[in-house]
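Let's take a friendly walk through a protein model together.

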Amino acid sequence: MNKAMDIERSIIKKFRKPIWSRFIRGITAYDMIAPGDKIAVCISGGKDSMLLAKLMQEIHRHGKMSFEPVFLCMDPGYNDLNRRMIERNAKLMNIPVQFFESEIYDAVATMDANPCYMCARMRRGHLYKFAQSLGCNKIALGHHFDDVIETTLLAVLYNGQFKTMMPKLRSTNFKGMELIRPMYMIKEPDIIDWMKFNALTFIQCACRLTENCVIGQGGGSKRAEMKLLVSKMRKANPILDNNIFRSIHNVNLNTVIGYACDGVEYAFPDFYNAPERLQSR
């Protein structure tokens with residue numbers, strides 16, 4: 001049995017409960033894939049996107065969902081070492097990756113304000129545009145359970161808002177395109193266990209500003225701070241991360257002081273003095 005088959009077997013067998021079952025559950029719960037979809041599976045070269053590619057391969061090959069996956073890797077200016085590692089892993093894992101180039105890293109290298117934010121926006125825009133040119137109607141990204149709760153904590157602790165990372169989104173700039181996150185329910189520690197079990201090595205951080213960062217640290221960013229916080233919470237109480245995840249599905253508007261919907265803000269006095277406003281939402 002070759003390496004690619006071993007990796008595929010591990011997903012279905014050894015990691016069936018923490019990875020495969022959660023993958024299927026997330027797709028089903030949030031209705032991510034529809035018959036006739038052509039989905040661009042976006043690969044950055046890290047552990048998350050490479051696992052996503054294998055999961056999408058497996059569900060396409062053995063599942064009952066009728067869709068067409070296309071495996072894309074945008075090279076935003078990788079150094080030679082990272083590019084070769086992505087190519088080597090794609091071959092090792094039997095993932096037919098189509099590369100295309102951009103110059104995003106050059107564009108953001110000289111930015112003083114929010115280079116990470118701008119890089120993410122530009123990368124997504126390039127992915128949407130290229131995927132659409134291939135006839136795709138969706139792009140799939142490798143964000144996972146930990147990304148969701150870290151985003152929620154970041155919003156609460158640093159932005160003073162309760163908001164989260166959505167399982168799917170309609171693009172506002174590319175008509176007819178959607179973004180889906182099929183690994184929405186898969187936890188990062190299980191992804192790391194899968195990677196170690198298969199003795200796989202992926203690029204860790206391709207950004208020129210943080211190329212020396214390692215898994216779990218992320219160059220000292222606020223997100224890395226949240227990752228560390230989540231890790232500590234898991235050690236203190238293994239269900240705390242699940243409770244954060246459940247909370248984004250169980251918002252009780254009757255006990256919220258204020259909220260916004262479709263660009264309209266609602267404050268506590270408004271719906272306290274006119275409760276029919278809340279009931280009409």
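A polar contact is a pair of N or O atoms within 3.5 Å; inside a protein, one of the two must be able to donate a hydrogen and the other to accept it. With that in hand, look at Asn89: a polar atom of its side chain lies 2.9 Å from the backbone oxygen of Thr201. Please keep in mind that this is a predicted model.

**Around Asn89**

Asn89 sits in helix α4. Is Asn89 buried or exposed? With a relative accessible area of 5%, Asn89 is buried. Leaving aside neighbours within four places in sequence, Asn89 is in contact with Met50, Thr201 and Phe202. Its helix, α4, covers residues 80–92 and lies across β2 and β3, running at about 160 degrees to β3.

**The sheet**

Now turn to the strands. In what order do they line up? Six strands form an open sheet in the order β3-β2-β1-β4-β6-β5, and the pairing is mixed. The edges are held by β3 (97–101) and β5 (168–170); each has a single partner strand, so one side of each is left without a neighbour in the sheet. On average, and ignoring direction, neighbouring strands are turned by 25 degrees against each other.

Strand β1 (residues 37–42) and strand β4 (residues 138–140) run parallel and are joined by three bridges. For Ala40, the bridge partner in β4 is Ile139. Helix α3 (residues 47–62) packs on the sheet, where it touches β1, β2 (67–75) and β4. The direction of α3 makes about 160 degrees with that of β2.

**One face of a helix**

Helix α1 spans residues 3–12, and its buried residues are Ala4, Ile7, Glu8, Ser10 and Ile11. Seen down the axis of α1, these buried residues fall within an arc of 160 degrees, so they line one face of the helix. The buried residues of α1 pack against α2 (16–29), α3, α4 and α8 (188–197). At the start of α1, a side-chain oxygen of Asn2 comes to within 3.3 Å of the backbone nitrogen of Ala4.

**A serine in a loop**

Ser171 is found in the loop between β5 and β6 (178–180). Ser171 counts as buried, at 16% relative accessibility. Beyond its neighbours within four places in sequence, Ser171 is in contact with Tyr128, Met177 and Glu178.

| Side chain | Backbone atom | Distance |
|---|---|---|
| Ser171 | nitrogen of Asn173 | 3.2 Å |
| Ser171 | nitrogen of Phe174 | 2.9 Å |
| Asn89 | oxygen of Thr201 | 2.9 Å |

**Two cysteines**

How many disulfides does the model contain? The count comes to zero. Cys42 is in no disulfide, and the nearest cysteine sulfur, that of Cys136, is 8.5 Å away. Cys136 is likewise in no disulfide, with the sulfur of Cys42 as the nearest cysteine sulfur at 8.5 Å. Cys42 counts as buried at 6% relative accessibility, and Cys136 counts as buried at 5%.

Note on methods. Residues are numbered from 1 along each chain as its sequence is written. This is a predicted model: local features need pLDDT of at least 70, side-chain atom pairs count only at pLDDT 80 or more; totals for chains, interfaces and linings use all residues. Side-chain values use heavy atoms; hydrogens and water are left out. Two strands pair if DSSP finds at least two bridges between them. Helices (H or I, at least four residues) and strands (E, at least two) are DSSP runs, numbered from the N terminus. Axes are lines fitted to C-alpha atoms, for helices over the stretch in contact, and angles run from 0 to 180 degrees between N-to-C directions. Contact means heavy atoms within 4.5 Å. Buried means under 20% relative accessible area, exposed over 50%, partly exposed in between (1.4 Å probe, protein chains only). The arc is that of the directions from the helix axis to the C-beta atoms. A disulfide is a pair of cysteine sulfur atoms within 2.5 Å.
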